[in-house]
Amino acid sequence: MPAGHGLRSRTRDSFSRPFRKKGTIALTTYLRTYRIGDYVDIKVNGAVHKGMPHKFYHGRTGRVWNVTKRAIGVEVNKQVGNRIIRKRIHVRVEHVMPSRCTEEFRLRKIKNDELKAEAKAKGEKISTKRQPEGPKPGFMVEGATLETVTPIPYDVVNDLKGGY
Amino acid sequence: MVQTLREKFEPAWLTLALQGTNAISSSAKRGHWFLHLRYWRRMRDDFGRFAALSENRYSHIWESFTAMAFVKAQKSKAYFKRYQVKFKRRRQGKTDYRARIRLINQDKNKYNTPKYRFVVRFTNKDIIAQVTSASIAGDIVLAAAYAHELPRYGLEVGLTNYAAAYCTGLLLARRVLKRLEMDEEYEGNVEATGEDYSVEPAETRRPFRALLDVGLIRTTTGNRVFGALKGALDGGLDIPHSDKRFAGFDKDKKELDAEVHRKYVFGGHVAAYMKTLIEDEPEKYQTHFSDYIKRGIEPDGLEELYKNVHAAIRADPTFKKSEKEPPKEHKRTSAPGFWYNLKKLTYEERKAKLIARLQALNSAAGDDEDDDDE
């Protein structure tokens, strides 16, 4: 009998709850608020059967485009054939967590604004652009001793010792 | 040792299975999987092997099938490795998470609008009523009322009965409304009749809505929680409810007898008991209601007393901090009390302690080495 390609096929492990994390769902998943435009990660919670996204979306990150009573609408990119479609799905909040993908950017924005304000106050010119890691600076090798290695002449007797 | 255990615990069919193959085959025909020969051969041959069998992670299941264990039921290392602890408050038996999730869950399209719970909890000597809203950092209490505040309003005895619960609920409701400056708009039911009263929305603002959170109590008709609920409703809060569980609800006629409920709200049931005790068992009356007698509270005066308390609550529901000083903290110096309730050390303190310990160890080792050298 063939394997079948149902909605939840091949999700035995990805939809199962992690080891020793089964049972009651922590309340913060229900207390979080989501606004339109937020980035969210979709991670299916196998304990809640309603509002589950399809297994394709497990592990995807998208933006919130709609907020309803118990679910949020997430816009996720999906490659279909030769193009990428922006798919809009509705997912219950248990299967969603706020994404940290923009966290570094947001913090950098705040820091850069502070730096720019400081520089403006002092009257200097600064660049807040990120620089890629350059080549490592040169250094002197410490504690190096020179050991000259020369080949030793071939000694027939020593080599045959093991053999004959 | 093994033999006596066997005699003590083995049910009859077990003995039979071990002794006679005939019995086994006949039971096997009937389909009892646990009487199949290969299982019992294993056990029969070697008691040690059975002991080993009982130490695997399915041993507890095996033991339940065999109706009684030969070996003492151990919680093996595997058991502890796989054990998942329940949430802390569930372990303490204090929170019903199933109910809590449903009470707290706010519609996502209402964003940060708080969803208030009218929480009522009873201890042995006190009633705690709070209006709370949930947040990730922890629940935020908007206002709280305790039965031990009722002496301020003139009620000093019977602080955990139905009438006191009504007073506490009423106090909390008036407190909340006063804090939100809605107390003029929403007077609630000033005359406490027992009938079902729901707040009508006024012109400017909608009534304050909260959801009743009973906790872990069994919601039977006439429970004191519903007394507190009635107090809050009459105080002017909007709490969705039905009259099914108020004291005085008739199961057969399926309607609330307002008279009976009013009796409970004014302590009529207590007064009736007092009267019967005075007539039948005066000594018991003296011991049971000694505090009432000390304050000169008669059974007939109870209703008047509660009416005055209600009026006093409505007059000034603001919370007054008690002038009592907090009890002196005793510094514990000797075992075992020394180890109780220790303050949690900070990260720096713990690191410093470790460094001190290592230094002490090194210096001691250094001394030992010096001694050895000498």
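View 1. R86(A) counts as exposed because its relative accessibility is 60%; exposed means over 50% relative accessible area, buried under 20%, and partly exposed in between (1.4 Å probe, protein chains only). In this predicted model, local features need pLDDT of at least 70 and side-chain atom pairs count only at pLDDT 80 or more, while totals for chains, interfaces and linings use all residues. R86(A) forms a salt bridge with E75(A), with the closest N and O atoms 3.6 Å apart. A salt bridge is a side-chain nitrogen of Lys or Arg within 4 Å of a carboxyl oxygen of Asp or Glu. E75(A) is buried, at 13% relative accessible area.

**View 2. The salt bridge of R100(A) and E103(A).** The closest N and O atoms of this pair are 2.5 Å apart. R100(A) is exposed at 62% relative accessibility, whereas E103(A) is partly exposed at 24%.

**View 3. R175(B) and E149(B), a buried pair.** These residues form a salt bridge, the closest N and O atoms being 2.5 Å apart. R175(B) lies in helix α10 (residues 162–179) of chain B and E149(B) in the loop between β3 (140–146) and α10 of chain B, so the pair ties together parts 26 residues apart in sequence. Helices (H or I, at least four residues) and strands (E, at least two) are DSSP runs, numbered from the N terminus.

**View 4. A salt-bridge network in chain B.** Salt bridges with shared partners join R100(B), R117(B), R121(B), D139(B) and D213(B). Over all chains, the structure holds 22 salt bridges.

Residues are numbered from 1 along each chain as its sequence is written, chains are lettered from A and ligands numbered from 1 in the order in which they are written, and side-chain values use heavy atoms, with hydrogens and water left out.
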